[in-house]
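Here are a few exercises to work through with the coordinates open. Try each task yourself, then compare your steps with the solution.

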Amino acid sequence: MGVNIVGPSNAEPPHQPPGAAMYQLDIILKKGSNLAIRDRTGTSDPYVKFKIAGKEVFRSKTIHKNLNPVWDDRVSLLVESLKDPLYVKVFDYDFGLQDDFMGSAYLHLESLEHQRTLDVTLDLKDPQCPEDNLGSLDLAVTLSPKEGDTRDATMLLRRNWKRSCKYQSMRLSDVHRKAQLWRGIVSISLIEGRSLQPMDANGLSDPYVKFRMGHQKYKSKTIPKTLNPQWREQFDFHLYEEQGGFVDITVWDKDAGKKDDFMGRCTVNLSHLTKEHTHKLDLPLEEGEGLLVLLVTLTASAAVSISDLSINMLDDPHERHQIMQRYSVWRSFNNLKDVGVVQVKVIRAEGLMAADVTGKSDPFCVVELSNDRLQTHTVYKNLNPEWNKVFTFNVKDIHSVLEVSVYDEDRDRSADFLGKVAIPLLNIQNGERKAYALKSKELTGPTKGVIFLEIDVIFNAVKAGLTTLIPIEQKYIEEEPRVSKQLLLRNFNRVRRCIMFLINTGCYINSCFEWDSPQRSICALVLFVIVVWNFELYMIPLALLLPLAWNYILIASGKDTRQDVQAMEDMLEDEDEDFDRDDKDSERKGFMNKLYAIQDVCISVQNALDEVASYGERIKNTFNWTVPFLSWLAIVAFGAATTIIYFIPLRYIVLAWGVNKFTKKLRDPYTIDNNELLDFLSRVPSDVQVVQYRELKLDPNPSPNKRKKNNPG
């Protein structure tokens, strides 16, 4: 059903008193058509704002250089009164300048039918020039009365706003617990596409796929120059609704330097799929050509929970014993994805930064493990909050990093960042209540305040070792990469350090050939003759064991040979101010925003430098015992390789490897390709990550000047 509702105005809608009922307004902002030109290039960079009762409730993403943008943005709003219309305004984004008005319209909520999705077309008008045609917006709108319990909870929170913090915390705890806990896991494997639509002049495309389920998003890699791409990527979404949900899928053609082309869409209705069973789906693309092949599996929820401090499973000896048995070495091959469990007790924080004009803050705490995210209730008007909550997560990768962030709640805008700590699971001392000094958002320097945590990790070492050799889980909620000359310079310096190490090693070896030191050259010559004369292939992994063993002996004897990371830490702290300066400069200059091709190249170079530097540092850190678990795993691997190569002729090993590689696709057509060595190295932290994960020493009397320098803001 199409509805055309026009109410042009550039003035703010009048405020109406709230009614007695609560409604949920679900809106899909689909696309715009024939929007107004506001840039000199004959295009615009449109985005949309929604307002109700004079208050902004939603802002869409910006679509650059397009008069017919496709947003596909979804938003759910709580509406107190249908008398207040939805005020829709469209603007042209001008970086560093005032955004240009492109038209507005009203959507009168009283005219909408309840519990029915309506397709709405809004004609945009400018009240200064009412005769001008400024295009239109297409929306899908669903208005539903809210059930009594949700409305009561919402109204209760508002009535309690000025009551005591303790009473608020109890009520908010219940609401958060109900909203956060997921009911199951949706495991999706993107296999391939078939006969996709050609979008480029060469008759091919560079396709990639976007997945969205609620607030959860995932973007696949781009497969260049093909109409039958093979992705073979796997990822998980959280399922919050017992009856299922929808996964929205769109396919795009990657175009460097301009807007990507839309190639089609499809939807997966999870309510039609049975649980604990893998479904192979061939999904034809709407508004395009071809189909996508997916494998979708619905599984029961992992052991995730929120409880009060007085109620937690690991303090119960019987439950703790059962969990220890569950992850004992005798059950190493039972459900390999269930590596372990982590329990986080968020006790309290002290000395937090004041984010409100009253000199107080309204802090709450967010605990994240990979893509699992839970949060505490808010403690109002307090710089020393006590939460006393226990969070439990399943561990799918023992190399994951537990991130604990503290925010200040603001009712009418996004929360303010107060501090953060990142704790690798392998660094945790079980049952130890510790005070962690909070860091800045980039984890490069301290900020004000400490947080008290008690963490327990129980895991199966065999499962953890096997998981190290499979692809690492990617986070689907990450910030978009940005161009930064400081980040580019840092990554360049990291690559240069790795390259200089190789150059210095080559110079040292060459000095033996040049006889700069006769004694060293004679020893090198004798060693070379002995090794070459007696060389066997098993000596290669045996030689790799030697630096591991040597560094372990030095560390055990108190001589830590690992690189001093103080220089890296100082460099990252100095960059904090540079990042802020970059942000202010980029607000004044729209250069990067206008030259998309240059930005793509810069980001690619920046990320490539980071990748090269990271892998060089990870190889070094493997032998430096930066993560002892991984170094022990390397010892096991090298020892096993030494034994196998010693007893089994090389030709048989190579033959078995080749047969396995050639027959892998025949045995499992939907297997996901991976490189065990790169997957192992992806778990080893780089030097930057080592600095980020280091605990700060508590300073009982920090300097006010240093505190001011390191405070974000």
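A residue counts as buried when its relative accessible area is under 20%, and as exposed when that area is over 50%. Keep in mind that this is a predicted model.

**Exercise 1.** Work out how strand β7 is enclosed and paired.

Solution. Start with burial: seven of the eight residues of β7 (residues 100-107) are buried, so the rest of the structure largely encloses this strand. Next, look for its neighbour: strand β6 (residues 86-92) pairs with β7 in the antiparallel sense, over seven bridges.

**Exercise 2.** Find out what the salt bridge between Lys 420 and Glu 403 ties together.

Solution. First take the distance: the closest N and O atoms of Lys 420 and Glu 403 are 3.4 Å apart. Then place the residues: Lys 420 lies in strand β24 (residues 416-424) and Glu 403 in strand β23 (residues 401-408), so the pair ties together parts that are 17 residues apart in sequence. Finally, check burial: Lys 420 is buried at 14% relative accessibility, and Glu 403 is buried at 17%.

**Exercise 3.** Classify the two partners of the salt bridge between Glu 192 and Arg 194 as buried or partly exposed.

Solution. The side chains meet at 2.8 Å, N to O. With a relative accessible area of 11%, Glu 192 is buried. Arg 194, at 32%, is partly exposed.

Note on methods
Residues numbered from 1 in each chain as written. Predicted model: local features only at pLDDT ≥ 70, side-chain atom pairs only at ≥ 80, totals over all residues. Heavy atoms only, no water. Buried < 20%, exposed > 50% of the residue type's maximum accessible area, 1.4 Å probe, protein only. Helix = DSSP H or I, 4+ residues; strand = E, 2+ residues; numbered from the N terminus. Pairing = 2+ DSSP bridges. Salt bridge = Lys/Arg side-chain N within 4 Å of Asp/Glu carboxyl O.
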